[in-house]
Amino acid sequence: MIPYSKQTIDASDIKEVVKVLRSDFITQGPKVLEFEHKISNFCGAKFAISTNSATSALHVACLSLGLKKGDTVWTSPNSFVASSNCALYCGAKIDFVDIDLATHNLCPIKLEEKLKKIKNKNKLPKLVIVVHMAGLPCDMKKIFRLSKIYNFKIIEDASHALGARYFRDLVGNCRYSDATVFSFHPVKIITTGEGGIITTNNKKFANKCKLIRTHGINKDKNHFLSKDPSPWHYEQIYLGLNYRMSDISAALGISQLRKVEKFIKKRNIIAQKYNELLKDLPMQLPFQNSNYYSSYHLYIISLKVELLKKSHREIFIDLQKKGLGINLHYAPIHLQPYYRKLGFKKGMFPNAENYASRAISIPIYPSLSEKDLKKVINIIKEVIT
Ligand SMILES: *Cc1c(COP(=O)(O)O)cnc(C)c1O
């Protein structure tokens, strides 16, 4: 089977991990700080706080922004459930803004319309979580402008978008947001096994994230409440969590980060080949614009089902039968059983629903061979014609 994505691990990655295993610290050692430093440098943000997953990173970022019961968060229905679950963990209310059918990202026009419709100021969102779908950045300038008018915070869920660029800006530099979150799950751009990170330019927020990630415990003696601390003293000042990344994971992340540009270049080369080889087939291909550089975490085709003899579901099954490890990113969050119980219904976000009735993620990862790429194309042609 050719999967839709997978990790790229080489001998140098293995060597770096083994080195940590033989060292004194396999967690809470120097590798975590080094990885954080390297990620913040890479993205051009002042601070980075690593976690054991992007889901944890989203949770920590929401708590650190002070999200609580009574607050409202808006996000895209076309994402992994973690993008909206993080609001619910904090007791906040969740709502969605429908997507743009060209980019598959949260639509800034729909966001503005939805904001304008709200007459009661208390119902405005405190936070909007944008998702750079498949590695294509959202239109951050527009969303940032709206955040100033309507006074909401912005978290970028950039789980797909390490190394992507919006105009000149690398995603994660937080020029248009309060924080950015990345995932290092094996299918993503680089991996730490499981892992995530928050980048930000706000020192106070960064310190809060660090505190919450580690049980809410402060070990910095310059900031103790106690006037006469003992040598073993530490202070828990917040109900935090243990969401730490290990040094084993961080060492893998450092080694992987050395190759990030190469990985993304390779993903872009594969995407260009797909663009060329699929352009005459009845499908919409990924959005392209010279101001946006996608990291191509995913390559998604949107079938023009009205022109096809088979349904989306039939095509999906046939592609699977022929050995393609394809996927749907994403079945809309608001139609998950858990979200239906919260009151969301079919028809509420028609673009996300329409998109999900056509979309298929086809294989893209740095080590995809020319031979396998041709095989993917041939299977798609065979199945849809
Ligand atoms: C993968 C992913 C997450 C969750 O990442 P984990 O590191 O697996 O917790 C969150 N949001 C999006 C958009 C993702 O693709």
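This is a predicted model: local features need pLDDT of at least 70, side-chain atom pairs count only at pLDDT 80 or more; totals for chains, interfaces and linings use all residues.
Reader: How are two packed helices described?

Author: Two packed helices are described by the angle between their axes and the distance between the axes. In this structure, α3 and helix α7 (residues 203–213) pack at an angle of about 125°, and their axes lie 9 Å apart. Angles from 65 to 115 degrees count as roughly perpendicular and those over 145 as roughly antiparallel; α3 and α7 are therefore oblique to each other. Their crossing is right-handed.

Reader: Which residues make the contact of α3 and α7?

Author: On α3 they are Val 60, Ala 61, Leu 63 and Ser 64, and on α7 they are Phe 205, Lys 208, Cys 209, Ile 212 and Arg 213. By class, this contact of α3 with α7 has six nonpolar residues, one polar and two charged.

Reader: What is the angle between α1 and α8?

Author: The axes of helix α1 (residues 11–21) and α8 cross at roughly 150° and come within 8 Å. α1 and α8 are therefore roughly antiparallel to each other. The crossing of α1 and α8 is right-handed. From α1, Ser 12, Asp 13, Glu 16, Val 17, Val 20 and Leu 21 take part; they meet Asp 247, Ile 248, Ala 251, Leu 252, Ser 255 and Gln 256 of α8. The contact of α1 with α8 has six nonpolar, three polar and three charged residues.

Reader: How do α9 and α13 pack?

Author: Helix α9 (residues 260–278) and helix α13 (residues 370–384) have axes 11 Å apart, at an angle of about 35°. This crossing of α9 and α13 is right-handed. Ile 270, Lys 273, Tyr 274, Leu 277 and Leu 278 of α9 make the contact with Glu 370, Leu 373, Val 376, Ile 377, Ile 380 and Lys 381 of α13. In the contact of α9 with α13, eight residues are nonpolar, none is polar and three are charged.

Reader: How should I read the buried residues of a single helix?

Author: An α-helix has 3.6 residues a turn, so residues three or four places apart point the same way. Take helix α5 (residues 108–117), where the buried residues are Pro 108, Leu 111 and Leu 115. They cover an arc of only 55° around the axis, which puts them on the same side of α5. The elements covering these buried residues include β3, β5 and α6 (140–150). The face of α5 turned away from the buried side carries Ile 109 and Lys 117, which are exposed.

Reader: How many residues of α4 are buried?

Author: Six of the eight residues of helix α4 (residues 82–89) are buried, so α4 is largely enclosed by the rest of the structure. The buried ones are Ala 82, Ser 83, Ser 84, Asn 85, Cys 86 and Ala 87. They pack against the helices α3 (54–64) and α11 (337–341), and also against β3 (72–75), β4 (93–96), β5 (127–131) and β6 (153–157). Just after α4, Gly 91 has a positive phi of about 80°.

Reader: Is Gly 240 buried or exposed?

Author: The cut-off for buried is under 20% relative accessible area. Gly 240 has a relative accessible area of 17%, so Gly 240 is buried. Gly 240 sits in the loop between β12 (235–236) and α8 (247–257).

Reader: What does Gly 240 touch?

Author: Not counting residues up to four places away in sequence, Gly 240 touches Ile 212, His 215 and Gly 216. The C-alpha atoms of Gly 240 and Ile 212 are 4.3 Å apart, although these residues are 28 residues apart along the chain. Ile 212 is also one of the α7 residues in the contact with α3.

Note on methods:
Residues are numbered from 1 along each chain as its sequence is written. Side-chain values use heavy atoms; hydrogens and water are left out. Buried means under 20% relative accessible area, exposed over 50%, partly exposed in between (1.4 Å probe, protein chains only). Helices (H or I, at least four residues) and strands (E, at least two) are DSSP runs, numbered from the N terminus. Contact means heavy atoms within 4.5 Å. Axes are lines fitted to C-alpha atoms, for helices over the stretch in contact, and angles run from 0 to 180 degrees between N-to-C directions. Angles under 35 degrees count as roughly parallel, over 145 as roughly antiparallel, 65 to 115 as roughly perpendicular and the rest as oblique. A crossing is left-handed if the near helix is turned anticlockwise from the far one by less than a right angle, and right-handed if clockwise. Ala, Val, Leu, Ile, Met, Phe, Trp, Tyr, Cys and Pro count as nonpolar, Asp, Glu, Lys and Arg as charged, and the others, Gly among them, as polar. The arc is that of the directions from the helix axis to the C-beta atoms.
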